[in-house]
Amino acid sequence: MQLNSNGLSGVIPSFIGNLSQLEWLSLNDNKFSGELHAEFWNLSWLTVLDLGDNALCGHIPESFGETNQSLQVLRLHNNNFTGEIPQSLCTHLELQILDVAQNNLIGTIPRCLRELHGMVHNHSFYSFDHGIEEGIIQVMKGISLEYTNTWSFVTNMDLSSNKLVGDIPVEITELYGLVGLNLSNNHLSGGIPVSIGNMASLNSLDLSGNELDGLIPPSIAALTFLSHLNLSNNLSGRIPTGSQLQTLIDPTIYAGNKDLCGAPLPKNCSNHEVLTTTPKKTYEAVDEPNKAWFYVDIICGFATGFWGVIVVLMLKKQWRHKLFIFAKESMDKIHVAVMVRVNTMKRGRGAM
């Protein structure tokens with residue numbers, strides 16, 4: 001059912017939730033408002049659900065996905081949905097396009113999103129024929145694109161422009177088939193996952209407008225298909241180098257990161273390298289007292305052992321006597337051995 005771009009308004013009719021055989025529902029780009037009926041979220045045969053660019057509100061229910069296991073596209077872009085992203089969303093294993101951008105969603109990004117198998121596999125080698133020529137609109141590489149016959153090749157996750165908090169779950173980096181990942185304009189904190197380089201299919205990555213800090217992981221240089229990147233945050237350190245990163249020469253990619261250095265930014269990394277070596281010297285200075293105490297312990301141990309033996313010999317006459325006899329016998333043996341060796345050498349020279 002395609003009713004998009006018709007200027008329709010009001011509440012979405014409840015009878016649509018009873019169309020159990022519905023596979024494709026596009027109500028995007030209208031003026032629908034209000035909350036959706038509970039039945040609407042569990043159309044069991046639905047493959048594409050596009051409600052983008054309306055004024056819909058309410059929560060995405062926790063029950064969403066209990067009866068539907070075939071959903072491949074969920075687009076709620078540019079509405080007024082509130083609440084958290086439900087864990088039940090992770091039960092849509094075939095989901096390959098998840099677009100809930102420009103809403104008022106709160107909470108953290110669910111770690112269970114790693115279970116979306118439709119985003120793990122690369123769809124470049126197969127497609128799906130639904131007999132429908134309607135397109136899917138997605139923001140990729142910073143611009144809005146409409147995919148018609150090629151939408152089944154697209155794997156995209158767009159959670160941008162919400163109120164999400166917390167860190168970027170490292171589990172997201174297990175979605176190896178993702179072509180686009182947009183988490184921009186939220187309140188995410190912490191660092192960029194060090195395993196970001198595992199997302200080998202990424203063509204577009206936007207993490208801008210958050211509160212991310214720390215270093216840019218060197219593994220990002222392994223993203224050989226990356227052609228759009230935006231990392232405007234509070235990052236620091238040297239910008240990694242790599243064959244693909246060297247082609248991304250727009251300095252605005254790293255705008256706002258005052259402590260970043262290296263190409264393509266004009267800021268040289270020499271000052272940063274001095275800063276990174278200074279703590280090492282500090283640690284070495286801190287270790288100096290420990291080394292001094294180490295040597296003091298050795299000297300004390302030797303002195304204690306030496307004087308311990310002397311005191312014992314002074315108190316034990318029998319031990320002292322045996323020690324002197326042992327020393328005398330050892331000296332006699334050494335003397336005899338030396339004299340034998342000397343006489344042998346003299347006889348050898350006399351024979352010559």
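**Cysteines and disulfides in a predicted model**

Cys-57 is partly exposed, with a relative accessible area of 29%, where buried means under 20% relative accessible area, exposed over 50% and partly exposed in between (1.4 Å probe, protein chains only). This is a predicted model, in which local features need pLDDT of at least 70, side-chain atom pairs count only at pLDDT 80 or more, and totals for chains, interfaces and linings use all residues. Residues are numbered from 1 along each chain as its sequence is written, and side-chain values use heavy atoms, with hydrogens and water left out.

Q: How many disulfides does the structure hold?
A: A disulfide is a covalent bond between the sulfur atoms of two cysteines, and here a pair of cysteine sulfur atoms within 2.5 Å counts as one. Cys-90 is joined to Cys-112 with an S to S distance of 1.9 Å, while the sulfur atoms of Cys-261 and Cys-269 lie 2.1 Å apart. The number of disulfides is therefore two.

Q: Which parts of the chain does the pair Cys-90 and Cys-112 tie together, and how many residues apart are they in sequence?
A: Cys-90 lies in the loop between strand 7 (80-84) and strand 8 (97-99), strands being DSSP runs of E with at least two residues, numbered from the N terminus. Cys-112 lies in the loop between strand 9 (104-106) and strand 10 (136-140), so the parts tied together are apart in sequence by 22 residues.

Q: Is Cys-261 buried or exposed?
A: Cys-261 is bonded to Cys-269 in a disulfide. Cys-269 is buried, and Cys-261 is likewise buried.

Methods. Helix = DSSP H or I, 4+ residues; strand = E, 2+ residues; numbered from the N terminus.
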